[in-house]
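Dear colleague,

I am handing over the structure that follows, together with notes on what was found in it. Please read the notes with the coordinates open beside you.

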Amino acid sequence: MSGFLSVLSREIRLSLRGGGEILTLVLFFVIVGAVVPFAVGPDKALLARIAPGIVWIAAFLAMLLGLEKLFGPDRADGTLALYRLADIPLSAVVAAKVMAHWLTAALPLILASPALALLLAMDGETFWRTVLSLLLGTPALAGFGAIGAAVTVATRRGSLLAPILIAPLSVPVLIFGVGAISASGGPDQAQAAALLLAALSLMVVVLSPFAAALAIDWGED
Amino acid sequence: MTEGQVHSPLCLRTFALGVGRGDTVLARDIALSVPAGSGLLLRGPNGAGKSTLLLTLAGLLEPLEGSVVLEGHDEDFGPAFHHCGHRNAIRPRLTAVETLEFWCGINGNAAMPVAEALDRVGLGRQAKLDAAYLSAGQQRRLALARLLVSARPVWLLDEPTSALDTEGQKLLAGLIGDHLAAGGIAVIASHDAIAVGGLGVFTLEAGA
């Protein structure tokens, strides 16, 4: 357990001292959302209708940006090889990294989402449902991201390949994430989507450390 | 319990070991036997497979042939191998103390307080300094301190003297000497002389 906490605190320290890494992600998230009104025109009703989708796309893209620092720097400086000799399983190291990735690449986005809600003319109720849906769904994105980063860590230009690999996996998260926000199909359907989203997140967060650890072990040989 | 029994009686053996990268065999029929309290110096020209052999001993690479056995190692004690490679696994933005505390946390078996280990390798005054500001030799000393904070019976050192000054080389010899005196095992790949008494020598031929 102390090993798990060591990895977690190291990752968070590195992110916080990273010279604006977190701020960059947050700005990217807000800017992606902010350019949409310019592209689709200033129709307030239309914007409010597509706002949930825009928020989810912005969050998805911003989380992809943070992927390359997940395993890449550790492999470059030899830390990854030493993780394999550590007293805790590699999957525990990855689990700590998934959690740190969520804390440093997803939580700040959720905290910044009021800015997007304002820009996209969301009403209050939709906003709270958006926050809930992001909280439920982003852990799954973090887990999928860890798998993608682990599979491509030994590959050159892997940081470009990882998003392509995990985009298809992330489609269900986007579908149910947006489904949990928009009440178009009645409140029951939104609730069902939210529950499914939570189930998906739980499953991915539990399984992804093992899958990613396996991918790293194979890639390093 | 005397000092010599800190580790259970150990012996690192290899049987007809073949090592290499991918399908390329670099060295084969390696039969080593390194008992507790003794060290082995790996010699050989560049590209003879010294680093690959060390990685294979550590279990980071699969042997292409044969096997590596560490006899007499208690599994409950945790992992047996410390590997210290070319790369120091030191990250900018973490201080020397934080780096060592991190390694102590994930490697377990705390053997020496972090501050004491830093003093031992001569980095006591740089403890609070960002590790990226350390010179190459100091970073190597920090990597060696990692071996001190967690106790493991077998040290696998790959070119440990690189970037070290003469003081540092004496320090390294002292650390290895203490480790062997406490019943440890060390396998060292180096082109330099290591001033430790009783080191065996194993030479890898190029293109074997």
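A charge is taken to sit over a ring if NZ of Lys or CZ of Arg is within 6 Å of the ring centre and within 35 degrees of the ring normal. By that rule A:Arg10 lies over the face of B:Phe102, at 4.6 Å from the ring centre, and the charged end of B:Arg146 sits over the ring of B:Trp103, 5.3 Å from its centre. Please keep in mind throughout that this is a predicted model, and that the values below are computed from it.

The interface between the chains

The notes continue with the interface as a whole. In terms of residues, 27 from chain A are in contact with 26 from chain B. The size of an interface is often given as the accessible area lost when the parts come together. For chain A and chain B the buried area comes to about 2,300 Å², with carbon and sulfur atoms giving 56% of it. The rule for polar contacts finds ten residue pairs across the interface of chain A and chain B, both residues being at pLDDT 80 or more. On the side of chain A that touches chain B, helix H1 (2–16), helix H4 (68–76) and H5 each supply at least two residues, and the largest share of that side, seven residues, comes from H1(A).

Aromatic residues

A pair of aromatic rings is described by the distance of the centres and the angle of the planes. Over all chains the structure holds four aromatic pairs. One of them is formed by A:Tyr83 and B:Trp103, and this pair is tilted, at 6.5 Å centre to centre with 45° between the planes. The pair crosses between chains, since A:Tyr83 belongs to helix H5 (residues 79–83) of chain A and B:Trp103 to helix H2 (residues 96–107) of chain B. Are these two residues buried or exposed? A:Tyr83 has a relative accessible area of 1% and is therefore buried, and B:Trp103, at 3% relative accessibility, counts as buried as well, because buried means under 20% relative accessible area.

Salt bridges

Side chains of opposite charge can pair when their charged atoms come close. A search of the whole structure finds 16 salt bridges over all chains, and across the interface of chain A and chain B the rule finds five.

Which residues of chain A form salt bridges with B:Arg91? With A:Asp74, B:Arg91 forms a salt bridge in which the closest N and O atoms are 2.2 Å apart, and with A:Asp77 the side chain of B:Arg91 meets in another, at 3.0 Å from N to O. The pair of B:Arg91 and A:Asp77 crosses between chains, from the loop between strand E6 (81–84) and H2 of chain B to the loop between H4 and H5 of chain A. B:Arg91 counts as buried, at 12% relative accessibility, and A:Asp77 is buried with a relative accessible area of 12%.

A:Arg13 is partly exposed, with a relative accessible area of 30%, whereas B:Glu98 is buried, with 13%.

Within chain A, the side chains of A:Glu125 and A:Arg129 meet in a salt bridge of 2.8 Å, N to O. These two residues are separated by about one helical turn, because they stand four residues apart in helix H8 (residues 124–151) of chain A. A:Glu125 is exposed, with a relative accessible area of 55%, whereas A:Arg129 is partly exposed, with 23%.

A separate residue

One residue remains to be described. A:Ile31 has its place in helix H2 (residues 21–40) of chain A and is partly exposed, with a relative accessible area of 48%. From C-alpha to C-alpha, A:Ile31 and A:Ile181 are 21 Å apart in space, and they are 150 residues apart in sequence.

With best regards

Terms used: Residues numbered from 1 in each chain as written. Chains lettered and ligands numbered in written order. Predicted model: local features only at pLDDT ≥ 70, side-chain atom pairs only at ≥ 80, totals over all residues. Heavy atoms only, no water. Buried < 20%, exposed > 50% of the residue type's maximum accessible area, 1.4 Å probe, protein only. Phe/Tyr/Trp six-rings, centres within 6.5 Å; stacked < 30°, edge-to-face > 60°. Contact = heavy atoms within 4.5 Å. Buried area = accessible area lost by both parts, 1.4 Å probe. Salt bridge = Lys/Arg side-chain N within 4 Å of Asp/Glu carboxyl O. Polar contact = N/O pair within 3.5 Å; in protein donor to acceptor, adjacent residues only side chain to side chain.
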